[in-house]
Amino acid sequence: YRDTLAEPPPATDLQALARQARGCTRCDLCHIATQTVTGEGPEDAALMVVGEQPGDTEDLAGRPFVGPAGQLLDTLLAEAELPRDRLWMTNAVKHFKHVPRGKKRIHARPNMSEITQCRWWLDQERMLLKPRLTLALGATATTALTGRSAALGPRRGKVEDTANGPVLITIHPSYLLRLPDAGRAAEERARLTEDLRQAKRLAA
Ligand code: URA
């Protein structure tokens, strides 16, 4: 009931949508995060890139993909010859979920309820942007974009059709930062770059 009352009328452009999202109280993450991190990029972008949620750096900066995972993604995008300034970058969940550990803020994965609440924004973002292709980075983005939380492995590198257009599924760049084995990490990095090249071809 509270959500229904709080729900603003659908925005007619991406800037209005971002303004509305800054006041979002659909889930409790608004009380934990510093600010809402909304999507950014050119409004005629053919490719929309969707991550999980803002990290520590993004939460403070108010912009998506500017921390360590974002910097790695920038490197891979450059290797795939996909200029970042031509892409719409956003997240499935727009508030940073974390738990304190000493002075640090440790990333916590958004749960299904938080993903579902924030999907309200993501769906509108997709309807307004109308990208030719949406690239899902990792499990949270894949669940939010396709509505299916089945394991990523067999779906990776493939396109799934949704009401708001095709979605190409791949891993999240932060996965590479967590792999302890250098050989495995190099292999996965090459695969992710190949998925980015495929995204470029499909969005062209
Ligand atoms: N990881 C994400 O999924 N999104 C960001 O914006 C930053 C890190």
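Here is a short walk through a predicted model, one selection at a time.

Before you click, note that residues count from 1 along each chain as its sequence is written. Local features need pLDDT of at least 70 and side-chain atom pairs count only at pLDDT 80 or more, while totals for chains, interfaces and linings use all residues.

Start with residues 38-197, where UniProt (an unreviewed entry) puts "domain: Uracil-DNA glycosylase-like"; such annotations may be inferred rather than shown by experiment. That stretch is 42% helix and 20% strand, with its end C-alpha atoms 25 Å apart. Helices (H or I, at least four residues) and strands (E, at least two) are DSSP runs, numbered from the N terminus.

Now color the open sheet: five strands in the order 2-1-5-7-6, with mixed pairing (two strands pair if DSSP finds at least two bridges between them). Select 88-91 and 159-162: these are strands 2 and 6, the edges, and each has a single partner strand, so one side of each is left without a neighbour in the sheet. From one strand to the next, the twist averages 25° (axes are lines fitted to C-alpha atoms, for helices over the stretch in contact, and angles run from 0 to 180 degrees between N-to-C directions).

Finish at the ligand. Its shell has 13 residues, the closest being Gly51, Glu52, Gly55, Pro64 and Ala69 (C-beta atom, placed from the backbone, within 6 Å of the molecule).
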